[in-house]
There are 2 protein chains.
Amino acid sequence: MIYSSELIKGTLKTIVLKMLEDNTRMYGYEMTQRVKELTHEKIQITEGALYPTLHVLEEDGLVTTELEYIGKRARKYYSLSPQGKTKTKEKVSELADFMDTMKFLLDIKTQSA
Amino acid sequence: MIYSSELIKGTLKTIVLKMLEDNTRMYGYEMTQRVKELTHEKIQITEGALYPTLHVLEEDGLVTTELEYIGKRARKYYSLSPQGKTKTKEKVSELADFMDTMKFLLDIKTQSA
DNA sequence: CAAAAGTACATAAGAATCTTATGCATTATT
DNA sequence: AATAATGCATAAGATTCTTATGTACTTTTG
């Protein structure tokens, strides 16, 4: 089972930031694999969604990049900037708060389910 | 504090269906007020987002409508169809599952926060 | 009692974000 | 040798939301 795509909307940026908080640096492809693995395939980040998001984070100054070569193949590592670290804490706690609120909404009258 | 709009994306349809499951019938404006009240203003559903969503639910056969007049003012009540009831259970349990997964992702290495 | 605020519907242009498809190139596996 | 995996990227189109606007009735307030 894979979550319907609409659910994941709006959380991608936060997921990326959170992973970078935990791993100091990661590259794009690695992120797609990590999320897949951590969620037992339930969340699949597509490259078409990820790369534009990473570029926006960079434009916004939340991440910095380093290009490295493994043999002849390029890898672009992303790390949180100081502003990125602050932003990550904000986004993560907002999402946690939001999920508590949503859980409350979903639990009303249907404590069983 | 109001949640950033991107967070709410993708959950609106589920919220609406869930409210209709709990209340047998509601009208649009009522839904906006109910959510605002239940979430202490943290989630504000705008009419520009809600009405098109309701129309889609109707087109998809998940809800039925009844028009009523309070004096001269029209109210459009929405109720779940049988398919809507089934769909609601699916959507609600998917969202609950998704939130557990997200919580797991956010808790990694940052059990404090 | 007039003005403002609230109730109640609706649509439409534009923005944001994601999907799907495609492209290129290198490296590992079968 | 062919296929799959790694690794980046972009672009057209779809979806969904924001913001603005419009209409009209009803209630509250100064």
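Helices (H or I, at least four residues) and strands (E, at least two) are DSSP runs, numbered from the N terminus. With that in hand I read chain A from the N terminus and got α-α-β-α-α-β-β-α. That comes to 5 helices and 3 strands.

Ground rules, noted before going on. This is a predicted model, where local features need pLDDT of at least 70, side-chain atom pairs count only at pLDDT 80 or more, and totals for chains, interfaces and linings use all residues. Residues are numbered from 1 along each chain as its sequence is written, chains are lettered from A and ligands numbered from 1 in the order in which they are written, and side-chain values use heavy atoms, with hydrogens and water left out.

**Chain A overall**

I looked up the extent of chain A: its C-alpha trace spans about 55 × 30 × 20 Å along the principal axes. Of its 113 residues, 42% count as buried (under 20% relative accessible area; exposed is over 50%, partly exposed in between; 1.4 Å probe, protein chains only). Next I checked contacts, meaning heavy atoms within 4.5 Å. Among those in chain A between residues at least 6 apart in sequence, 49% join residues at least 24 apart.

**Helix α3**

I went through α3 of chain A, residues 28-38, and found Gly28(A), Glu30(A), Met31(A), Thr32(A) and Val35(A) buried. What covers them? The cover includes α2, β1, α4 (47-59) and β3 of chain A. Just after α3(A), I noted that His40(A) has a positive phi of about 50 degrees.

**The tyrosine pairs**

For a pair of aromatic rings I write down the distance of the centres and the angle of the planes. Rings of Phe, Tyr and Trp (its six-membered ring) pair if their centres lie within 6.5 Å; planes under 30 degrees apart are stacked, over 60 edge-to-face, the rest tilted. I get 4 such pairs over all chains. One of them is Tyr27(A) with Tyr77(A), edge-to-face at 5.3 Å centre to centre and 80 degrees between the planes. Tyr27(A) sits in β1 (residues 26-27) and Tyr77(A) in β3 (residues 73-80), so the pair ties together parts of chain A that are 50 residues apart in sequence. Tyr27(A) is buried at 17% relative accessibility, and Tyr77(A) is buried at 10%.

I then turned to chain B. Tyr27(B) and Tyr77(B) also pair edge-to-face, with 5.3 Å between centres and 80 degrees between planes.

**Where A meets B**

How many residues of each chain are in contact? I have 36 of chain A against 36 of chain B. The area buried between them is about 3,600 Å², with 65% of it from carbon and sulfur atoms (buried area is the accessible area, 1.4 Å probe, that two parts lose on being put together, summed over both). In chain A, Leu7(A), Phe98(A) and Leu106(A) lose the most area to chain B, together 18% of what that side buries.

Charges next. I count 6 salt bridges between the chains (a side-chain nitrogen of Lys or Arg within 4 Å of a carboxyl oxygen of Asp or Glu). One of interest to me joins Lys91(A) and Glu6(B), 2.7 Å from N to O.

Which elements of chain A supply at least two residues each to the side that touches chain B? They are α1 (5-8), α2 (12-23) and α5 (82-107). Of these, α5(A) gives the most, with 15 residues.
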